[in-house]
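Keep the structure open while you read.

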Amino acid sequence: MYHLECVSCGTTFPADEVIYTCKKCGHLLAVKYPLDTLTIKRATWNKRPISVWRYRELLPVTIPPVTLQEGGTPLYHLERLGKEMGLKHLYAKHEGMNPSGSFKDRGMTVGVSMALQLKKKSVACASTGNTSASLAVYAAKAGIPAVVLLPAGKVAVGKVAQALMHGAKVISIRGNFDRALEMTHDLCLSHGLYLLNSINPFRLEGQKTMGFEALDQLGEVPDRFVLPVGNAGNISAVHKGFMELEELGFIDRLPKMTGIQAAGSSPVVRAIRENLAEVIPEKNPETVATAIRIGAPVNAEKALTAIRKTGGIAESVTDEEILRMQRDLARKEGIGVEPASAASVAGIRKLVETGAIDRDEKIVCIVTGHLLKDPDTVIKQCEPPTEIDADLPSLISALHL
Ligand code: AN7
């Protein structure tokens, strides 16, 4: 029905082979469906609730999926912020509204289902936080053990809390995310755990559905699709999904795929700017947006293609720009997101100011994770609550009335 294919040399592998990279050249793999023989009707999709599983014909799962009703997240028109920036058509899709509070759930409902389909008994991932929270949730739902490796001291407290509470075995390594991923990959190859980082081609299949949903919600193809970039799995996944829709004849053009990174952690931006064939890893990535504190993005190869083929852009934003946009989304639009998520909209503000993008464009920004993921960064930016004696005069005085 479908197979795996190397994105570099094109070698194919059967769908039921547990494999994460090409055995011939070591590059990334992608799921390929026989799109010319599939009979998919948009009308059939439209009859189903908006969710990851609305698009099941373009997903690899053939067993009843492990699901917590992920997807179906709101697409908001950012009227106030858009006006400030001079953009009439600025939208944000709030992926923080997923079961575990981030877009990772789209990947994990598919990835953990595939673990069962492939008869794997346990799952693992390295994570800057959200992947571990989501894996812990879906492993709990599936009833299988999960191991997660985190960079010690660099994961937001809400995410650690989730991984612990949902019962994953949580390991903190004295090293960064990139090292944690190498170790997890080695562990999975040597001990047979199923690797659910975004190097896993099946997980990315679930994530492409955020693009499908945005198109369905908007009722048309936006001019630009903007995502925060860490490991670059998400931007690659959404691009793959759009290419499939184009091949099926459901759309006739692709949005300009636009990736935003944190300035202290921006190897993809550099590769696009300097027109490099591949990214140069950042040895010591640093940013307040710990979710995207990633120096060696594993999906960079796919992401560079996505950005270049669609005429997109990659841009970086400073921590200050990220936090300012986090506050603006919260206070001007009522949208609570974690710092990494604000990067996409902060990037658009910057690209509009520099004149790199047109003010008439229809733009969809993905905001990837919920505000409550990282309460420490929120509290640091806000005035503490005003504590008063429990009487009305004190209250009136505190409110300066
Ligand atoms: C909120 O959890 O990599 O470019 O280990 O949590 O697909 O990696 C998280 C990534 C953006 C970047 N926004 O997505 C992890 C992890 C949030 C995130 C990204 C992440 P990719």
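This is a predicted model: local features need pLDDT of at least 70, side-chain atom pairs count only at pLDDT 80 or more; totals for chains, interfaces and linings use all residues.

Residues are numbered from 1 along each chain as its sequence is written, and side-chain values use heavy atoms, with hydrogens and water left out.

Strand β7 (residues 146–151) pairs with β8 in the parallel sense, over five bridges. Strands here are DSSP runs of E with at least two residues, helices are runs of H or I with at least four, and both are numbered from the N terminus. Two strands pair if DSSP finds at least two bridges between them. Zoom out and you get an open sheet of four strands, ordered β8-β7-β6-β9, with parallel pairing. Its edge strands are β8 (169–173) and β9 (194–195), each of which pairs on one side only. Helix α4 (residues 130–142) lies across β6 (123–126) and β7, and runs at about 170° to β6. Such angles run from 0 to 180 degrees between N-to-C directions, with axes fitted to C-alpha atoms, for helices over the stretch in contact.

Alanine 161 sits in helix α5 (residues 157–165). Alanine 161 has a relative accessible area of 40%, so this residue counts as partly exposed. For reference, buried means under 20% relative accessible area, exposed means over 50%, and partly exposed is in between (1.4 Å probe, protein chains only). Between the C-alpha atoms of alanine 161 and alanine 133 there are 8.1 Å, though the two are 28 residues apart along the chain.

**The six-stranded sheet.** A second open sheet runs β4-β5-β13-β10-β11-β12, and its pairing is mixed. At the edges stand β4 (75–77) and β12 (314–317); each has a single partner strand, so one side of each has no neighbour in the sheet. On average, neighbouring strands of this sheet are turned by 25° against each other, direction ignored.

Two of its parallel pairings can be followed down to residues. Strands β10 (residues 224–228) and β13 (residues 362–367) share three bridges, and phenylalanine 225 has valine 364 in β13 as its bridge partner. Strands β11 and β12 share four bridges, with glycine 259 opposite alanine 314 in β12.

What covers β12? Both of its faces are covered, with Ala314 and Ser316 buried on one side and Glu315 and Val317 buried on the other. Helix α12 (residues 319–332) lies across β11, β12 and β13, at about 85° to β12. Helix α9 lies across β10 and β11, at about 175° to β11.

**Aromatic pairs.** Rings of Phe, Tyr and Trp (its six-membered ring) pair if their centres lie within 6.5 Å; planes under 30 degrees apart count as stacked, over 60 as edge-to-face and the rest as tilted.

| Pair | Type | Centre to centre | Between planes |
|---|---|---|---|
| Tyrosine 2 and tyrosine 33 | tilted | 5.8 Å | 55° |
| Tryptophan 45 and phenylalanine 250 | edge-to-face | 5.5 Å | 85° |

Tryptophan 45 is in helix α1 and phenylalanine 250 in the loop between α9 (233–247) and β11 (256–262), 205 residues apart. Tryptophan 45 and phenylalanine 250 are both buried, as are tyrosine 2 and tyrosine 33. Ring pairs also link Trp45, Tyr55, Phe212 and Phe250 into a cluster.

A nonpolar core is a set of buried Ala, Val, Leu, Ile, Met, Phe, Trp, Tyr and Cys residues joined through side-chain atoms within 4.5 Å. The largest one has 82 residues, and among the members touching the most others are Leu58, Val123, Phe225 and Phe242. At least three of the core's residues come from each of domain 1 (75–101 + 203–381) and domain 2 (102–199), bounds that come from an automatic or database domain assignment. A second, separate core of 31 residues includes Leu90, Val226, Ile292 and Val337.

How far apart are the C-alpha centres of domain 1 and domain 2? They lie 23 Å apart. Across the boundary, 37 residues of domain 1 are in contact (heavy atoms within 4.5 Å) with 30 residues of domain 2.
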